[in-house]
Amino acid sequence: MFLYNLTLQRATGITHAIHGNFSGTKMQEIVVSRGKIIELLRPDANTGKVHTLLTMEVFGIIRSLMAFRLTGGTKDYIVVGSDSGRIVILEYHPSKNMFEKIHQETFGKSGCRRIVPGQFLAVDPKGRAVMIGAIEKQKLVYILNRDAAARLTISSPLEAHKANTLVYHVVGVDVGFENPMFACLEMDYEEADNDPTGEAAANTQQTLTFYELDLGLNHVVRKYSEALEEHGNFLITVPGGSDGPSGVLICSENYITYKNFGDQPDIRCPIPRRRNDLDDPERGMIFVCSATHKTKSMFFFLAQTEQGDIFKVTLETDEEMVTEIRMKYFDTIPVATAMCVLKTGFLFVSSEFGNHYLYQIAHLGDDDEEPEFSSAMPLEEGDTFFFQPRPLKNLVLVDEQENLSPIMSCQIADLANEDTPQLYVACGRGPKSTLRVLRHGLEVSEMAVSELPGNPNAVWTVRRHIEDEFDAYIIVSFVNATLVLSIGETVEEVTDSGFLGTTPTLSCSLLGEDALVQVYPDGIRHIRADKRVNEWKTPGKKTIVRCAVNQRQVVIALTGGELVYFEMDPSGQLNEYTERKEMSADVVCMSLANVPPGEQRSRFLAVGLVDNTVRIISLDPSNSEHGKIFFPPLRSNLSDTRTRYLGSRPVKLFRVRMQGQEAVLAMSSRSWLSYSYQSRFHLTPLSYETLEYASGFASEQCPEGIVAISTNTLRILALEKLGAVFNQVAFPLQYTPRKFVIHPETNNLILIESDHNAYTEATKAQRKQQMAEEMVEAAGEDERELAAEMAAAFLNENLPEAIFGAPKAGSGQWASLVRLVNPIQGSTLDLVQLEQNEAAFSVAVCRFASGGDDWYVLVGVARDMILNPRSVGGGFIYTYRLGGGGDKLEFMHKTPVEDVPLAIAPFQGRVLVGVGKLLRIYDLGKKKLLRKCENKHVPNLVTGIHTIGQRVIVTDVQESLFWVRYKRNENQLIIFADDTHPRWVTTACLLDYDTMASADKFGNISIAEVIMNYHIGETVLSLQKTTLIPGGSESLVYTTLSGGIGILVPFTSHEDHDFFQHLEMHMRSEFPPLCGRDHLSFRSYYFPVKNVIDGDLCEQFNSMDPHKQKSVAEELDRTPPEVSKKLEDIRTRYAF
């Protein structure tokens, strides 16, 4: 069995984000890393929409990213630290739309290792050097410069190693043009290692160390080091030289501290806390990320706390000395992994979980009533300032990028009866969690919908002048009339456009520079810019049935298959060519290409006839006597045909523009858009109702839209998320979703959600009440009324937890619920809140042989669970009956068990439950579930149960799979086989009676008996064997923690497998991965890759240079289009 791996949706979680001018123009772009993917985004400064310019798989783990610009340069380079043991510098080429590797310097072994650099990157703010550091011991500095041809050069590495030292963070210090300096947060553990009493470990302090690169001597020295009082978690560079005081800000628990060398005293300011916070008051507070904004005259920092509150931090200086740190509450947004402040006034936020956002910074927060905190304000040691969180005031949300990460659970089923199955994905964490329904298709945003006086049959848009940016008219044709609408602020009917309104229209277009042409059944109307009209009437009883028009040519087909050709002369007149062409059958369709730049005409006309043939006709007068339409003598064939089923109606095709390129809109019972995106051809359905006719549309509000008709409405649509495979509908949840099951009769979902470190609603209300009472009690006699008002306001305030975060309850505190959801409407039909400290871990829906026709829902719950070191105060299995036609959970009873029930599965009219490491069979009883049988031989913890016939396959948390057989006569569960490799299984899936596919927490997928092994590179949390398209073949679909969705598909023939194996081999040598990792060793990270071919690598064939494509294709005895077609065919056979 050989499999082919394909990614359907790339990972959506962002681990790093940097900004700069990567294309070398004034445009600000953002480069993000999504684990093993590097992506370039460009926010449109006018519309605020974020466009993806380029996405590349790097087949390695991106551990750090930095933007870097040489002194006096205008272009930013990208420095990448990865698991390849190499430092890589990339440059983006806008003309080719690709990243080019300029430098790749090897310094160590591959893999994420303790002492091999790659984890930390820091650049000198003036662009002279870059430091790359490991978690421990090694740090290397590379000097960057330019040669005579202005190309970037890199020096050999200079070492700044220090043994027995852990590094927490590294930044470049801004020292102007003095010797480059780097600041490190370090900790020396040598004493702690050698001291058996453990005293030294308790007293070890973190140090802030400065390393100086001496450019004259060409080596690195440890300039200065000092011990820190608090434990810091990251550093922020303060602008220096002529821009500011230099130095660094250290963000540590509860404090932010400014440090610099020389006489500068330390300036320290506590991190403000929320007033009346429900969090544990003993908990420390840290900043988790920051962004710096610097202009010629000022600079400020935005720093975000772990609750999501952003503070604007500024420094007050007095002659080069910093005197105070000032902080002001700015706004609260979801917790981010990275923030970028762009020069265009945008703030890009890559969220830790949930969607990513682009905000417009509307105000800098200077002149509002918000209190400003300062390090100069007197406070007792250990005290801090308090602020009141509020909805957004300084930021305005302008765009949102959907992010599925983390996908906790996924089921694929056609619950909505749409032919194509939907993906039901439970994702997110805590109060930002969602249940999302994914459907294959492009999301369509409706800009406008208006009713028309009847059912039209066609629509076009035209411009007034060839130089115009936007369209001037929308022309709508009815059975017996034509309506002309002008486009301005609004769309209104006009009567003086020169178009004939009393007839249907076959086509209209801009002709020449500023004239319009309307083709209708009885003739052609040529409308000049000064409203003069020339008409050409059809001869005799004939009418025009079909036509084709471009900027300079008009071809019409009369009844009986006669073609008449017109061309525009230099004076702007339309001239009819003398000879007409008789076709052998009636014409059903025809098309002309646009006139190529710098030419007089388009040279070919395509005509489709009733006899199912397409004829290509030459219109070039130079190869015939003047004025004749002429068949080219060569009977050439159209090659490279690719077929797709679009729907149940005849297909209509329309030319539109998308992202500045030509695209085709194809309409059948569904509408499809065929477009080229990042050097791959996409054909994607629109997630929208059936459309009948369309045309491209451009106006100020909607520069790249589509105007379409559907029954009696005119719609203006925009497609903004090109390149997206799925469109999403999201329904909010309360806690992190863990698992869900589908009730087979009603198709409702039963979902369990549980969160650690959280309060249930009841406990929250109780805590609030208690705090309100304390507020009143603490007040003096005369302040009672005021305190009571404040307490009432506190009880009434309700900030949405999805933005402001849920209160942290402390370790060992759990909140859980069971939810019954209608997946089509997304409505919650029933909800059962569990008690505080009960955590739901497993769920099943089943019938019992002894329970008649009723369906039961079983939920496995742990009580007082502590994660590390693992302990549990027991567990329960809650039993509910599904009543009310399947939309009510009726509590029956709860069964106490001694450990965590992590897995439940129905089995022959009873249920199998994994209780800790015991595997048990239970049956339904009146007061509780009754234990029937058990097996004690699973080594650690049962995490999953799959059944087929008499067989049970059990997954263990760290010992892979066990095959168990139930012997009914002896009432025994007997283990008869296990796996050869111990794997930490996260999820598994039955392929057939003897075969199991499983995934582990290190990102590998394998099929037992070692039929296949493959490293995905992201932790896989769900596997399912299913078909994704109607009439397609079965594939194994996996979803990952980072929000990726992919499939493994079997090859159907040896010839195919052979072809792709050779293509993969050539791609490995011709197009090695961007960050310097070896492709074969990446896919064999933990186990040697076996019997799987990487489709993601094969598909990079389309983004190679054309001459490289040609040489690879020749090695395979094919042409490049044939290779592309093979790649597309295997994709469309199984998926999209």
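Which residues of helix 10 are buried? I looked this up in a model that is predicted. The buried ones are Pro 1120, Val 1123, Ser 1124, Lys 1126, Leu 1127, Glu 1128, Ile 1130, Arg 1131 and Tyr 1134.

I then checked the length of helix 10, which runs over residues 1120-1134. With 15 residues at 1.5 Å a residue, the helix should span 21 Å.

Next I went to the aromatic rings. I got a count of 33 aromatic pairs. I took Tyr 675 and Tyr 677 as one case: their ring centres are 6.3 Å apart and their planes stand at 70°, so I logged the pair as edge-to-face, the cut-off for that being over 60 degrees. Tyr 675 and Tyr 677 are both buried. I also noted a cluster in which ring pairs link Tyr 4, Phe 1051, Phe 1059 and Phe 1060.

Arg 268 lies over the face of Tyr 255, 3.7 Å from the ring centre. Lys 768 has its charged end over the ring of Phe 794, at 5.5 Å from the centre of that ring.

Last, I checked confidence. The chain has a mean pLDDT of 93, with 99% of its residues at 70 or more. For residues 624-635 I found pLDDT below 50. This stretch still has 26 contacts in the model beyond near neighbours in sequence.

Technical notes:
Residues are numbered from 1 along each chain as its sequence is written. This is a predicted model: local features need pLDDT of at least 70, side-chain atom pairs count only at pLDDT 80 or more; totals for chains, interfaces and linings use all residues. Side-chain values use heavy atoms; hydrogens and water are left out. Rings of Phe, Tyr and Trp (its six-membered ring) pair if their centres lie within 6.5 Å; planes under 30 degrees apart count as stacked, over 60 as edge-to-face and the rest as tilted. Buried means under 20% relative accessible area, exposed over 50%, partly exposed in between (1.4 Å probe, protein chains only). A charge sits over a ring if NZ of Lys or CZ of Arg is within 6 Å of the ring centre and within 35 degrees of the ring normal. Helices (H or I, at least four residues) and strands (E, at least two) are DSSP runs, numbered from the N terminus. The expected span of a helix is 1.5 Å times one less than its number of residues. pLDDT is the predictor's confidence in each residue, from 0 to 100. Contact means heavy atoms within 4.5 Å.
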